[in-house]
Protein chains: 2
Amino acid sequence: MNSKQSDRRRFLKEGAALAGLAVGAVRAARGQTTGIETLGLRPDDYRAYGMRSRFVTSVRTVGSRTGLLTPLQDSVGIITPSALHFENTRGYPPPDIDPRQHRLLIHGLVDRPLIFTLEELQCLPSVTRIYFIECGGNSGGRTMTKNAETAQQIHGKTSCSEWTGALLSLLLQEAGVQKGASWLVAEGADLGKRTESFQMEKAMDDVLVAYGQNGEPLRPQQGYPLRLLFPGWSGSFCVKWLRRIKVVDQPYLAKWEIGRFKPDSEGRIPFPTGQAPKSVITRPSGGQRLPGPGFYEISGLAWSGGGAIRRVEVSTDGGRTWKDAQLQEPVFRFAHARFRYAWNWNGEETVLQSRCTDERGQVQPTLAELGGISALDVAEGRFIDYWQKSNDESGSNYIQPWKVTREGSVRNALF
Amino acid sequence: MNSKQSDRRRFLKEGAALAGLAVGAVRAARGQTTGIETLGLRPDDYRAYGMRSRFVTSVRTVGSRTGLLTPLQDSVGIITPSALHFENTRGYPPPDIDPRQHRLLIHGLVDRPLIFTLEELQCLPSVTRIYFIECGGNSGGRTMTKNAETAQQIHGKTSCSEWTGALLSLLLQEAGVQKGASWLVAEGADLGKRTESFQMEKAMDDVLVAYGQNGEPLRPQQGYPLRLLFPGWSGSFCVKWLRRIKVVDQPYLAKWEIGRFKPDSEGRIPFPTGQAPKSVITRPSGGQRLPGPGFYEISGLAWSGGGAIRRVEVSTDGGRTWKDAQLQEPVFRFAHARFRYAWNWNGEETVLQSRCTDERGQVQPTLAELGGISALDVAEGRFIDYWQKSNDESGSNYIQPWKVTREGSVRNALF
């Protein structure tokens, strides 16, 4: 036993002695079925682990600058298949982590530094919650291509899963947070050792240390075996391949964090307000085609970092009139909400739009209402320049208009 | 245009004229992303459609007589990954159906026979609901092996998904059900043309014609491109590769249906009561191992054809005392419910059990309470004989006891 292991045992024992929950005694049940029980099926046998039909070809696409985009136009319900969850690292191969070797260290301003194996974490009290993750730059200039036309190309950096894990607050309680600790820094096991700073208030509220996604372990591209979930906040916080959380008294403010934490005039760093309320009609949407006049169900997704979506309105006449869409029940806080609206298309050219309102009463704005960006700006490309230059990750929650031509083509009406 | 197509157009037009919903004018939006938009990613590229970690090896296994079993012992949350959904056809390759060629015919005692393409169905008003499907024979003698030890081997013929589709009642309303029509017969496009009879009352209530599962099209093994969902009823009803529904005035009662529809003493066929309330601790469960005394979260699944699960109790002392487990909220009707219970194992041999109560007040019984089956019967193998001979698909919802030995081995305490 090396000294690190020895330290770990000691801390775990002290933890057990001091805290109500006997984490110190945590031992793991075997997590995975072994080959012995497969009765001749190899894991790559389609009977062992099923595949899609060869006629189903919906895939992630590559965004203009970074990442893999979720094909929202093909979505149904609110769950994003794990295989189609957006991804922000240009598709470089994710770390190939052996779960038996992986550890999560919690240290810094704590009474009892703790090291957890994956199996130990999985023996702790767990929670399962449906949350979206949206890249802070989704539908901003840094996500879409110049000629973005589809829901995927413009809005494809949001996805929604059933996540399972332990609350970070439980782990911190076990470690014993010291006085003066107000921030945390999380680090991933990727080559770049990505770090993210966040406030203690969020950590003690609802941050999840997730190991399960949609009923199975996280996919490697989503941080296998461990990632953080920040309900409602920008996906940037959701550190993947999580291996270390340090409790500190100030943010690290690494280069990439600056845009998220602009100090106010008195130098204080405000608490993030979460992703702005957004909705998009996914069907019919840009790039799709209506074969002719008649009945269509308009369907789409809405979500907000402000909590639950309370209302989605749809306009089928270019914004002159708006009517309430039906929301798929139940609507979860910080999750995609599916909305539906019955529409009879008369064959004339028109524009389809949706706008949502969240539980805080925040209403999704038009592009013009967002301020500083005119339709002319958009047409001349300053729309994309705006976000690229401002480095601002909020403010891209404009209402998405889809133009339906007389021929039934559906196009992005923004560009 | 052949006469069949001509007929179809006529019927659709009449439908449009007569019914409130203009199904006659339904035209499809393009459902799938084309290769053009993939920017160089082939569908088999892991960036386009992600894969599991090579360290995640949980797979379906082959049951003793038929089917592929879901690895419940590895489950988290309530969603079963589509790739791990149980399957009842011995793993024979499913039909390789081209969705552009597939049709759903609704005919028989209707005013307007209808033929739908998949795209037409997808333009209709849709619903998304989380439902379990459980094989009527799950945890009965026809599912498990003689030496069944794991949750997968004994209970692995139940799975739970987010399903999306059109309500069958909407299609029937559109077709115009004639007087005297009281039964329906559904037929699949598999080689055996499996047919299932069911009552009009269920059809007009909540039966779903599903095309979506967990956010993407059904998997071929789950009936791609269409299957029926019967919330709460035996999975046998959920016809896969659905191609025809005939409205009739009596059940067909094909050979395999007899067990499900036993006429009463007056020759009447009773309405199915749905799957009996059942629960099983999935972790720790048979075949797993506890490394030593200490804290463990006991976690499992409960479900019932009677509606929502209202309560799950856990006993960690061989049934002497029972305490309420925590239910993952929200609890959906006719869906798996996840329960959790904090447990400190003192290292002594014991037996873990769970029992559930559904919204009807039905309580999961012990094996002895099921009647006719004693522990001795079980020990001597008459347990399995009982179900195999009786051909009874209900009554296998006994409380599952797991024995924990001093060494930490977890074993099936029934056999």
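A: Let us begin with a definition: two strands pair if DSSP finds at least two bridges between them. Helices (H or I, at least four residues) and strands (E, at least two) are DSSP runs, numbered from the N terminus. This is a predicted model, in which local features need pLDDT of at least 70 and side-chain atom pairs count only at pLDDT 80 or more, while totals for chains, interfaces and linings use all residues. Residues are numbered from 1 along each chain as its sequence is written, and chains are lettered from A and ligands numbered from 1 in the order in which they are written.

Q: Which residue of β12(A) is the bridge partner of A:Gly108?
A: The partner is A:Val247. Strand β3 (residues 103–108) and strand β12 (residues 242–248), both of chain A, pair in the parallel sense over four bridges.

Q: And how many bridges join β7 of chain A to β12(A)?
A: Six bridges join strand β7 (residues 183–188) of chain A to β12(A), and this pair runs antiparallel. Within β12(A), A:Lys246 stands opposite A:Val185.

Q: In what order do the strands of that open sheet come?
A: The order is β4-β3-β12-β7-β8 in chain A, five strands with mixed pairing. At the edges are β4 (114–117) and β8 (195–199) of chain A, each of which pairs on one side only. Neighbouring strands of this sheet are turned by 15° against each other on average, direction ignored. For such angles, axes are lines fitted to C-alpha atoms, for helices over the stretch in contact, and angles run from 0 to 180 degrees between N-to-C directions.

Q: In which sense do β3(A) and β4(A) pair?
A: They pair in the antiparallel sense, over four bridges. A:Thr117 in β4(A) is the bridge partner of A:Arg103.

Q: What does β18(A) pair with?
A: Nine bridges join strand β14 (residues 294–303) of chain A to β18(A) in an antiparallel arrangement. There A:Leu301 stands opposite A:Arg338. Strand β17(A) is joined to β18(A) by two bridges, and these strands also run antiparallel. A:Gln326 has A:Arg340 in β18(A) as its bridge partner.

Q: Now a helix. Which residues of α4 in chain A are buried?
A: In helix α4 (residues 168–175) of chain A, the buried residues are A:Leu168, A:Leu171, A:Leu172, A:Glu174 and A:Ala175. They fall within an arc of 160° when seen down the axis of α4(A), so they line one face of the helix. The arc is that of the directions from the helix axis to the C-beta atoms. A residue is buried if 20 or more other C-beta atoms lie within 10 Å of its own, exposed if 12 or fewer, and partly exposed in between, with C-beta atoms placed from the backbone.

Q: What comes just after α4(A)?
A: A:Gly176 comes there, with a positive phi of about 80°.

Q: Where is A:Asn214 found, and is it buried or exposed?
A: A:Asn214 is found in the loop between β9 (208–213) and β10 (216–217) of chain A. A:Asn214 is buried, with 29 other C-beta atoms within 10 Å. Its phi is near 50°, a positive value in a residue other than glycine. Most residues other than glycine have a negative phi, and most peptide bonds are trans.

Q: Which residues does the cis peptide bond of chain A join?
A: A cis peptide bond joins A:Glu329 and A:Pro330, with omega about -5°. A:Pro330 is placed in the loop between β17 (326–327) and β18 (337–345) of chain A.

Q: How many residues are in contact between the chains?
A: In chain B, 84 residues are in contact with 84 residues of chain A. Contact here means that the C-beta atoms of two residues, placed from the backbone, lie within 7 Å. By class, the side of chain B that touches chain A has 38 nonpolar, 30 polar and 16 charged residues. Ala, Val, Leu, Ile, Met, Phe, Trp, Tyr, Cys and Pro count as nonpolar, Asp, Glu, Lys and Arg as charged, and the others, Gly among them, as polar.
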